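The following exercises concern a single protein chain.

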Amino acid sequence: QVQLVESGGGLVQPGGSLRLSCVASGSLFSSYAMRWYRQAPGKQRELVATITSASTTDYADSVKGRFTISRDNAKNTVYLQMNSLKFEDTAVYYCHSRRRLIDYWGQGTQVTVSS
């Protein structure tokens with residue numbers, strides 16, 4: 001069983017920064033890609049960032065240059081550093097991992113960008 005526990009969401013002003021964390025239970029964390037998704041009410045869930053087992057990264061165009069995904073395999077943790085936040089970044093952010101055709105999701109953490 002895999003559990004993903006997120007933290008770090010909150011209220012931030014435009015231009016501000018926030019760092020999300022996701023701690024994964026279980027073994028073999030380093031063997032799997034980790035992802036961050038986000039979803040605003042009434043919108044489809046959007047893939048924000050991916051980090052592979054080799055620590056290569058990929059980002060949605062909307063966050064490229066502003067967000068950084070990273071992982072600490074010793075801590076079974078993936079991070080999303082969010083800088084230069086915009087109103088459009090407001091959403092619930094979810095940590096995700098896929099293992100053996102099963103999708104695992106964090107509980108979601110609210111990020112609100114507001115002046």
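Two residues are in contact when heavy atoms of theirs lie within 4.5 Å. The structure shown is a predicted model.

**Exercise 1.** Determine which residues Y93 is in contact with, leaving aside its neighbours within four places in sequence.

Solution. Step 1: apply the contact cut-off, heavy atoms within 4.5 Å. Step 2: leave aside the neighbours of Y93 within four places in sequence. Step 3: read off the partners of Y93, which are E6, L20, W36, Y37, R38, V48, F67, L80, M82, G108, T109 and V111.

**Exercise 2.** Describe the largest nonpolar core.

Solution. Step 1: the largest nonpolar core has 28 residues, and those with the most contacts inside it are W36, L80, M82 and Y93. Step 2: two or more residues of this core come from each of β3, β4, β5, β7, β8 (77-82), β9 (91-99) and β11 (109-113). Step 3: strand β3 gives the largest share, 4 residues. Step 4: as a general background, nonpolar side chains in soluble globular proteins tend to be buried together.

**Exercise 3.** Is R38 buried or exposed, and with which side chains does its side chain make polar contacts?

Solution. Step 1: locate R38 in strand β4, residues 34-39. Step 2: a residue is buried if its relative accessible area is under 20%. R38 has a relative accessibility of 7%, and therefore it counts as buried. Step 3: the side chain of R38 makes a polar contact with the side chain of S62 at 3.3 Å, and another with the side chain of D89 at 2.9 Å. Step 4: beyond four places in sequence, the contacts of R38 include Q44, E46, F67 and Y93.

**Exercise 4.** Classify I51 as buried or exposed, and state how far I51 is from T90 in space.

Solution. Step 1: I51 belongs to strand β5, residues 46-51. Step 2: the relative accessible area of I51 is 2%, so I51 is buried. Step 3: from C-alpha to C-alpha, I51 and T90 are 22 Å apart, with a separation of 39 residues in sequence.

**Exercise 5.** Give the strand order of the open sheet of 4 strands.

Solution. Step 1: the order is β1-β3-β8-β7, and the pairing is antiparallel. Step 2: β1 (4-7) and β7 (67-72) are the edge strands, each pairing on one side only. Step 3: from one strand to the next, the twist averages 15 degrees. Step 4: β1 is joined by 4 bridges to strand β3, residues 18-24. In β3, S21 is the bridge partner of S7.

Note on methods:
Residues are numbered from 1 along each chain as its sequence is written. This is a predicted model: local features need pLDDT of at least 70, side-chain atom pairs count only at pLDDT 80 or more; totals for chains, interfaces and linings use all residues. Side-chain values use heavy atoms; hydrogens and water are left out. Buried means under 20% relative accessible area, exposed over 50%, partly exposed in between (1.4 Å probe, protein chains only). A polar contact is a pair of N or O atoms within 3.5 Å; within protein, one must be able to donate a hydrogen and the other to accept it, and residues adjacent in sequence count only if both atoms are side-chain atoms. Two strands pair if DSSP finds at least two bridges between them. Axes are lines fitted to C-alpha atoms, for helices over the stretch in contact, and angles run from 0 to 180 degrees between N-to-C directions. A nonpolar core is a set of buried Ala, Val, Leu, Ile, Met, Phe, Trp, Tyr and Cys residues joined through side-chain atoms within 4.5 Å.
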